[in-house]
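Welcome, and please take a moment to look over the protein shown here. The briefing below goes through it topic by topic.

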Amino acid sequence: MPPLAQTQILLLLAALRQALRQRGYLPNTVDAYAGWVHRLILFHHKRHPAELGSEEIAGFMQAIAARGCSAGWNQARQALLFLYGDVFGREVGWLREARPRARKAPEPVVLSQAEVLAVLAQLEGVCRLIATLIYGSGLWLMECIQARVHDLDLARRLIHVRGDPHTEPRAAPLPGVVIEPLQVHLGEVRRLHTADLAAGYGRVTCAADGGNVISVDDWNFQYLFPAVRRAWDPASGTVCRRHLAASRVQLAVQRAAQRARIGKPVCCTALRHSFAVHLLENGCELRTLQRLLGHKHLKTTRTYLRAIRPKPGGAVSPLDLLN
């Protein structure tokens, strides 16, 4: 068979993206899976994946393993299982039975409350508001920047988080200190949306029933944290304003931690970890925390127990008892 033309590759990846969206996968997961399938095609000199046998698939997986990236190996495995099982209807038994490469779960980076305040004090503008929401509501960064206007319930102090195949949908609490900044921010986003509409844009993409992508200009469906510039959206094939780039927020938080002289590897995830540990230290029940974080399994939530500070009246170091 001749190698695939670029148009054929794009059509195949578009079919894969559509199948992923129909099953409720998040946009960043859709992009990641499509990326691995694209790498598979290029690895085998643009041969169609349906033509590849077990040896060719194994060769691709071994090449990933040789790079020493266990997270990439695991994600590529899931992408190929979806491609062959859900798109091609073909079982790759050995790959499904292969055990994911073991990854030792790193200890969560947890900041003290003073360190959280120091980091937030070094931030400004929209990045400060996002970081405050991550810590105050226990959100993942992507959950925060992908939120829509209709996800906010300021009257009840809630933000609704849509679930995906790996997390549960939930309503996270909004801290009172962010209500007024959010109201001011919403006014700015509304003015930006009005200007986009006047310029002939203002539409955003969202998933409709059946996983189809539709484009709407309704204010309620606009991103809570829109991008600075409009850009081409491959899902809808139109120019629109997507959400703010995650890399911009991550870099801002990392630089803020450096300016605050925090001697820890601080990122947005550390703020979510700190939310969880601080709640446990204040007496929050494990089941309640599981619900707030959207964990499907209590085992995941229990990992935070290792990071709790000893309570007053507990074990005291014998060195502190010496006169």
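This is a predicted model: local features need pLDDT of at least 70, side-chain atom pairs count only at pLDDT 80 or more; totals for chains, interfaces and linings use all residues.

Residues are numbered from 1 along each chain as its sequence is written, and side-chain values use heavy atoms, with hydrogens and water left out.

**Overall picture**

- The protein has 13 helices and seven strands; helices (H or I, at least four residues) and strands (E, at least two) are DSSP runs, numbered from the N terminus.
- Of the 323 residues in the protein, 41% are buried, where buried means under 20% relative accessible area, exposed over 50%, and partly exposed in between (1.4 Å probe, protein chains only).
- Among contacts with a separation of 6 or more, 58% join residues 24 or more positions apart; a contact means heavy atoms within 4.5 Å.
- The protein exposes about 17,800 Å², and carbon and sulfur atoms supply 54% of that area. Accessible areas come from the Shrake-Rupley method with a 1.4 Å probe, and for residues only the protein chains shown count as cover.

**The cavity**

- Rolling a probe the size of a water molecule over the atoms shows where empty space is left.
- On a 1 Å grid over the protein atoms alone, a cavity is a set of points where a 1.4 Å probe fits but cannot get out, whereas a pocket is an open set with protein on both sides within 12 Å along at least five of seven lines; lining residues have an atom within 4 Å of a point.
- Grid points are joined across faces, edges and corners, and a volume is the space filled by probe spheres set on the points.
- A search of the whole structure turns up one cavity of 30 Å³ or more, and the largest cavity holds about 70 Å³ of space.
- Its lining consists of V189, L192, H193, D196, V204, Q222, Y223, P226 and R241.
- Helix α9 (residues 179–198) gives the most to this lining, with four residues.
- By class, the cavity lining has five nonpolar, two polar and two charged residues. Here Ala, Val, Leu, Ile, Met, Phe, Trp, Tyr, Cys and Pro count as nonpolar, Asp, Glu, Lys and Arg as charged, and the others, Gly among them, as polar.

**The second largest pocket**

- About 180 Å³ of space lies in the second largest pocket.
- V126, H185, E188, V189, L192, F225, P226, A227, V228, R241, L244 and R248 line this pocket.
- Helix α9 again gives the most to the lining, with four residues.
- The pocket lining divides into eight nonpolar, one polar and three charged residues.

**A three-stranded sheet**

- Three strands form an open antiparallel sheet in the order β1-β2-β3; two strands pair if DSSP finds at least two bridges between them.
- The edge strands are β1 (152–153) and β3 (170–173), each of which pairs on one side only.
- Strands β1 and β2 pair in the antiparallel sense over two bridges, with L152 opposite I159 in β2.
- The hairpin of β1 and β2 has four residues between the strands, and R157 takes a positive phi near 55° there.
- Strand β2 (residues 158–161) pairs with β3 over four bridges, also in the antiparallel sense.
- Across that pairing, H160 stands opposite A171 in β3, and the bridge partner of L158 is P173.

**Single residues to look at**

- H45 sits in the loop between α2 (27–43) and α3 (54–66). Its phi is near 55°, a positive value in a residue other than glycine, and H45 counts as exposed at 67% relative accessibility.
- K46 lies in the loop between α2 and α3. K46 has a positive phi near 65° and is partly exposed, with a relative accessible area of 32%.
- R259 is found in helix α10 (residues 246–259) and is partly exposed, with a relative accessible area of 46%.
- R259 and V119 are 140 residues apart in sequence and 8.1 Å apart in space, C-alpha to C-alpha.
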